[in-house]
Amino acid sequence: MPYIHKFIAHAQGQKAYEILLQNGYKMREAQRLIDKGRLICDSMVVSEKNALLSGEICLIEYETNPRGLKPIFECEKFAVFDKPSGVLSHPNGRHCEYSLNDEIWSLYGREASVAHRLDCETSGLIVVGKDKNVVVNLKKLFENRQVYKSYVALVQGKISENLRIEANMDLANDYDDVKMRMRICEDGKSAVTEISPIEYFTDIDATLVRAVPLTGRQHQIRLHLFHVEHKILGEPLYGLARPQIEKILDKEMSEAERILITGAPRLLLHSDEICFKFDGVEYKIKSKFDAKDEFYKLVKHG
């Protein structure tokens with residue numbers, strides 16, 4: 001498990017924040033660790049910075065467990081990984097056994113971080129800043145739409161011409177719905193996606209498309225393609241009933257059943273190309289993953 005209890009001190013009536021300061025943490029970091037419930041005294045979570053502590057003091061710390069994933073591009077300030085499907089961009093809780101952070105922190109230290117995110121089942125290019133300042137600057141590029149991102153997806157049915165999908169979207173407001181699911185709604189945030197067909201496969205009635213999001217909404221490409229009735233094969237959220245979704249998310253559905261229900265064992269969406277200017281240099285990075293061949297085989301042969 002990546003989260004461990006790391007012993008840092010034996011306390012005898014010392015304030016919580018003082019113990020952290022004595023261990024090299026700054027006041028702001030100490031407050032953040034306490035707010036997140038990371039400080040433990042004799043197996044009890046410490047919630048107040050001025051709490052007087054006596055006993056064994058531990059920090060809940062993330063222990064990296066790298067699996068050898070290396071960046072496909074790297075320079076002094078940032079790196080780009082080709083993330084496999086099924087890998088989280090960032091740990092999603094204390095029971096998370098592996099995420100891209102395991103690789104990032106083992107290579108570049110704890111200040112390194114992803115500058116944007118990909119859904120767990122979406123594979124492809126993800127940019128990683130090597131220190132806090134670089135991460136902040138990279139995130140601004142994404143927030144200000146100064147990054148060109150291109151995806152490839154294998155979708156149901158035949159698309160024979162370019163599409164421009166403009167449909168506002170927001171989080172689902174139905175309390176009985178899956179909380180991460182998005183919805184199309186007139187009063188939602190603007191969202192625009194451009195779709196262009198690459199190749200139609202008659203034998204599986206599916207089209208490989210290029211998708212370019214001109215805005216950066218959660219699940220934008222997935223929801224927009226579902227909205228125009230060309231759902232991405234392997235889609236685990238849109239077009240399914242809540243029990244099916246929960247079964248997939250909880251990893252309780254067999255691969256055979258998922259293929260039967262969604263058409264593929266994973267979401268067939270891949271971040272294929274990314275372009276941006278950073279520190280006066282233009283970068284254009286292309287994925288090495290052969291989405292056309294791999295996606296076709298996953299549908300054709302399961």
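This is a predicted model: local features need pLDDT of at least 70, side-chain atom pairs count only at pLDDT 80 or more; totals for chains, interfaces and linings use all residues.
Visitor: Why is the contact between Lys292 and Glu199 called a salt bridge?

Guide: The side chains of Lys292 and Glu199 approach to 2.7 Å, N to O. The cut-off is 4 Å between a Lys or Arg side-chain nitrogen and a carboxyl oxygen of Asp or Glu, so the pair qualifies. Lys292 belongs to helix H8 (residues 291-301) and Glu199 to strand S13 (residues 192-201), so the bridge ties together parts that are 93 residues apart in sequence. The structure holds 17 salt bridges.

Visitor: What makes Lys292 partly exposed?

Guide: Its relative accessible area is 39%.

Visitor: What separates Arg242 and Glu246 along helix H6?

Guide: Arg242 and Glu246 are 4 residues apart in helix H6, which means a separation of about one helical turn. Their side chains meet in a salt bridge at 2.7 Å, N to O. Arg242 has a relative accessible area of 35% and Glu246 one of 34%; each is partly exposed. Elsewhere, salt bridges that share partners join Arg210, Asp272, Glu273 and Lys286 into one network.

Visitor: Which residues touch the most other members of the largest nonpolar core?

Guide: They are Phe81, Ile104, Leu154, Ile232 and Leu268, in a core of 41 residues. Strand S9 (residues 148-156) supplies the largest share of this core, 5 residues. Leaving aside residues up to four places away in sequence, Ile232 touches several residues, including Leu154 and Leu268. Arg222 is also one of the contacts of Ile232. In soluble globular proteins, nonpolar side chains tend to be buried together.

Visitor: What makes S9 and S14 a strand pair?

Guide: S9 and S14 are joined by 6 bridges in the antiparallel sense. S13 and S14 form a hairpin with 4 residues between them, and Asp205 in the turn has a positive phi of about 45°.

Visitor: Why is strand S14 described as mostly covered?

Guide: In strand S14 (residues 206-213), 7 of its 8 residues are buried.

Visitor: What makes Ser43 exposed?

Guide: Ser43 has a relative accessible area of 69%. Exposed means over 50%, so Ser43 is exposed. Ser43 lies in the loop between strand S2 (39-41) and strand S3 (44-45), and its phi is near 70°, a positive value in a residue other than glycine. Asp279, at 54%, counts as exposed by that cut-off. Asp279 sits in the loop between strand S15 (269-278) and strand S16 (281-286), with a positive phi near 55°.

Notes: Residues are numbered from 1 along each chain as its sequence is written. Side-chain values use heavy atoms; hydrogens and water are left out. A nonpolar core is a set of buried Ala, Val, Leu, Ile, Met, Phe, Trp, Tyr and Cys residues joined through side-chain atoms within 4.5 Å. Buried means under 20% relative accessible area, exposed over 50%, partly exposed in between (1.4 Å probe, protein chains only). Helices (H or I, at least four residues) and strands (E, at least two) are DSSP runs, numbered from the N terminus. Contact means heavy atoms within 4.5 Å. Two strands pair if DSSP finds at least two bridges between them.
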